[in-house]
Amino acid sequence: MSQSPSFILSIPEGKESPSQDLSPYDESIVHDSFHQLIQEQSQQAEVEALELQEWSSRDKGRGHQLQLEPCRAPQNYNSATLRILANMPSRTIGRSRGAIISQYYNQTVKLRRKNSRPLLRDMSSSARPSIWQNDLELDLTPREEEEKRSLLVKELQGLTVAQRDHMLRAMPLSLAEKCCLRQDSCIQRGRQKHHHRSQTQLYCCSRLQYHCIAFRSLWYGLLSGLYALKPWHYSLKQISGQFGSSVLSYFLFLKTLISFNVLLLLFLLPFIVAVQVAFPPTSEFPFSQSFTGLELFTGRGQFTHTVMFYGYYSNFTLNQPCSSHQNSDHCLPKAAHLPYNMPLAYLFTVGVSFFTTCIALVYSMSRSFGKSYQVGSTLGVHAITVFCSWDYRVTQKRAARLQHDNIRTQLKELLAEWQLKQHPRSMCGRLQQMIVLLLVWLLCLGTAVGCAIAVYSFSEFMHENQETKTQMISEKLQEVHLLALPLIVCIINLVIPYLYNAFASWEQHDSPVLEVYVAICRNLILKMVILGLLCYHWMGRKIRTLGDQCWETFVGQELYRFMVMDFIFILLDTLFGELVWRLIVERLKGDRKPEFDVARNVLELIYGQTLTWLGVLFSPLLPAIQLLKLLFLFYIKKISLMANCQAPRKPWRASHMTTIFITLLCFPSFLGAAIFLSYAIWQVRPSRTCGPFRTLDTIYEASKVWIRRLEEASPSITWFTWIHQYLVENTFFIFLISAVLLAVIYFNIQVVKGQRKVICLLKEQINNEGEDKIFLINKLHSIYESRATSN
Amino acid sequence: MGSSTSQLSKELLSEYQELTFLTKQEILLAHKTFIELLPPESQNVVDSLTAQVSRVPTEKVLTLPELKANPFKDRICRVFSTAPEKDSLSFEDFLDLLSVFSDAATPDIKSHYAFRIFDFDDDGTLNKEDLKQLVNRLTGTEEDTQLSPSEMNQLIQNILEESDIDRDGTINLSEFQHVISRSPDFTSSFKIVL
């Protein structure tokens, strides 16, 4: 009775292979019939166990409520059965050190033999599928533990230093034990080094791995050094301590945007701006105006003829020696080293910076997607809420109390939702809900379209006003009139979301998380529709009207005005929305401080970034202004948050929302800007009087001109022109690439579907194993009971 | 910061850095914090590292601002303590704690220790009583903040239905880790930074 018996199920593997070729549906039939058999048996065992239970409860005078669901284990076992239960492998792994050591011994063995995950057909039908693919050992006696430990040490010596450290770091043992293990494996390793000299060739791959790991640890060391310099580390910790991870996600998104703008500036500053500053064009427009404060808002006046806008840039090759036969009027008398083709540089730099931004966005989006959307990740909300929702970074007592409240509310809401699902609404109720939903959506879309039309007609009105009244009012007032359009757009962007909130209160959603998603969707549609209309207005009307008068600088200035106005409105919104509300609430002695609305603030950030991307071609310094704006915003928002707000009450799934924000940044925002830019580069005629493309028909022609020149200059590099002709200009190649990509996507979707089916089957298998286990335990229990009664 | 670099020896520092997920700065900061918790007579380097001499009793560790508001603070200290009565932490235990809760720790090790923290009766599984206590700690300690008994039972039943794959009425380590792997927020919320 002292030694616990070992339960090792060994069902022969040969049974499995013929069924491997059958479709999954056949296997499930087999499992179902097996399931029925188990049910019959366990019901029989239930009856026996029930009798025993009644007997034992009568005996011990306990009044436990019996659970009569099929296949559930009765709880009143005697002490012998309980001891066996406690020694079961699935329970010892969670608590005993010996089990952990032996588990990691097995893992290390597998690592040494470079064993990847075993194929499904190699797994016996009774093998318990776990995500670690390990052999669970029983609770070990001290002598067995020592043996396992020495085996583990021996295995650790076989690994390289970096691998061993990696392995040790990931083991859930205490630090003292890890130190001992490391010391032991070091000593032994020194002794046995000369024996293993011959085996070094076998480890060539592991040597490469070692180099990779060493490089990676160097990289992490560098990163950790950088993190020590992290400027906002303490601020972010403060914010997460007081408000939790939902508000933190806003500030992290702000940091992401800052990095995107820095990426843009890394290309634009050295290749375009710095060069043009070094070689300023001869001033055709003398600086007659004095500096007034109005320029900061309108971007006109003194700012017009600076590196800030497109019109300033030269359209010839800078720094060109006089001896060449091209463009002899812009050459320098002394011999220059590096001729710099400005139009080409402008086009290519903007193109390359956009391309890099696109790659960075897609990469971060896919990484975020991969982390947050896994197969079956929406199932099991109750368990996930209970196990994962406490945010350990929260350190303040008040915030902790708020978290308690939040979690309680969330659990109650989940339970209510679950109840609702058990009793679904009647057909009538559902129809009513659908009608209300449809109505509210129509209202919101109608409002968006109405606002867009209003903006369009206002812009037309301003346009005509400008045409007719140029003589009657002063120039200053004319400039102020230019601010009217951004003002209107910002007011609309501020007011309409509150209207949408009011509309949304009519509809009843089943889950509060869906409400947040729907609100974000509607606000985004509004913003994008207005921006789209404005782009159409600029590309259509303005170009026709201004014609050759440097319309690009005008568009750049318009976008600058929009950005400045947006910044002013964010400041005002923070001031009035948060500070004044808090003062009012304090005066009225309420305790509902304003909440920090993360979704709305993030959408504002996305809007600002869209404006920047739209304007990069026309104003290369716009990312720098956006960078300054974001830096200011960080501090202002943080100060306002600390002083005025409380943490949001709605439940928040931080990583899902972060994924959604990055996706929104990529798809409507960046894609729209890229489309606008492509249209501007390929289809629109640049103005004749200013900018680097004044002599060309389209901006893209600059590269065509250059290729033609290359062909003429050195006919030996025809491959380059060949590539250009057949791959870039020819659309067939792009169709081919798209078709291949679509095929790959379809293939991946099918793979995921297959994996889902496999998961279902495996769950069924585990279920059956569990029923086996309960059946055996009940039998064991009845044997012990009968032995006890017979003694 | 300059004075504390001279306190921990370089080899020890690099050994700790290799065996835990902490960076050198974090280890030094942890050492400084730990020394402040010790009684004045053992506030030197040698004593602070000798586990036999200086262990900080759990009550003192719980006064740290990072742990004070945590509803599982006593369980955390208990799980990481290597003392026989599980009532005090040595410096290495403290480092273990910070390592598991750090940024760089793997999700496996976090979920392993989370399981041990939630296992209130230390029997290797989460049964109904464990889950009941867990939910009570999450919702708050006062009487009026707890769920009603019917809600609690329904919730526990739902949890078991969602995560107890082998239907034995308890959640073992593998099932727990399987649930955790489906939640991407776990690794970012299971963090304590000094």
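Mentor: Quick ground rules: residues count from 1 along each chain as its sequence is written, and chains are lettered from A, ligands numbered from 1, in the order in which they are written. This is a predicted model, where local features need pLDDT of at least 70, side-chain atom pairs count only at pLDDT 80 or more and totals for chains, interfaces and linings use all residues, while side-chain values use heavy atoms, leaving out hydrogens and water.

Trainee: How many helices and strands does chain A have?

Mentor: Helices (H or I, at least four residues) and strands (E, at least two) are DSSP runs, numbered from the N terminus. On that basis, chain A has 25 helices and two strands.

Trainee: What percentage of the residues in chain A is buried?

Mentor: Buried means under 20% relative accessible area, exposed means over 50%, and partly exposed is in between (1.4 Å probe, protein chains only). Of the 791 residues in chain A, the buried ones make up 43%.

Trainee: How many cavities of 30 Å³ or more are there?

Mentor: Picture a 1 Å grid over the protein atoms alone: a cavity is a set of points where a 1.4 Å probe fits but cannot get out, and lining residues have an atom within 4 Å of a point. Points are joined across faces, edges and corners, and a volume is the space filled by probe spheres set on the points. The count by this rule is eight.

Trainee: Which helix gives the largest share of the lining of the second largest cavity?

Mentor: That cavity has a volume of about 100 Å³, and its lining includes C490(A), K527(A), F569(A) and Y607(A). Helix 17 (484-504), helix 19 (551-587) and helix 20 (598-615) of chain A each supply at least two lining residues. The largest share, four residues, comes from helix 19 of chain A.

Trainee: Which residues of chain B does the UniProt annotation "domain: EF-hand" cover?

Mentor: The record is an unreviewed entry, and such annotations may be inferred rather than shown by experiment; positions are in the numbering used here, with feature names shortened. In the model, one span is 67% helix and 0% strand, with end C-alpha atoms 31 Å apart; the other is 64% helix and 0% strand, with its ends 25 Å apart. According to the record, the spans are residues 106-141 and 151-186.

Trainee: What is phi of D122(B) near?

Mentor: Most residues other than glycine have a negative phi. D122(B) sits in the loop between helix 9 (107-118) and helix 10 (128-139) of chain B, and is partly exposed at 38% relative accessibility. Its phi is positive, near 55°.

Trainee: Where is R167(B), the residue with a positive phi of about 60°?

Mentor: R167(B) is not a glycine either, and its relative accessible area of 25% makes it partly exposed. Its place is in the loop between helix 11 (149-163) and helix 12 (173-181) of chain B.

Trainee: Is T125(B) buried or exposed?

Mentor: T125(B) lies in the loop between helix 9 and helix 10 of chain B. A contact means heavy atoms within 4.5 Å, and, leaving aside residues up to four places away in sequence, T125(B) touches residues including R91(A), F115(B) and I171(B). Its relative accessibility is 1%, so T125(B) counts as buried.

Terms used:
1 Å grid on protein atoms, 1.4 Å probe; cavity = no way out; pocket = protein on both sides within 12 Å on 5 of 7 lines; lining within 4 Å.
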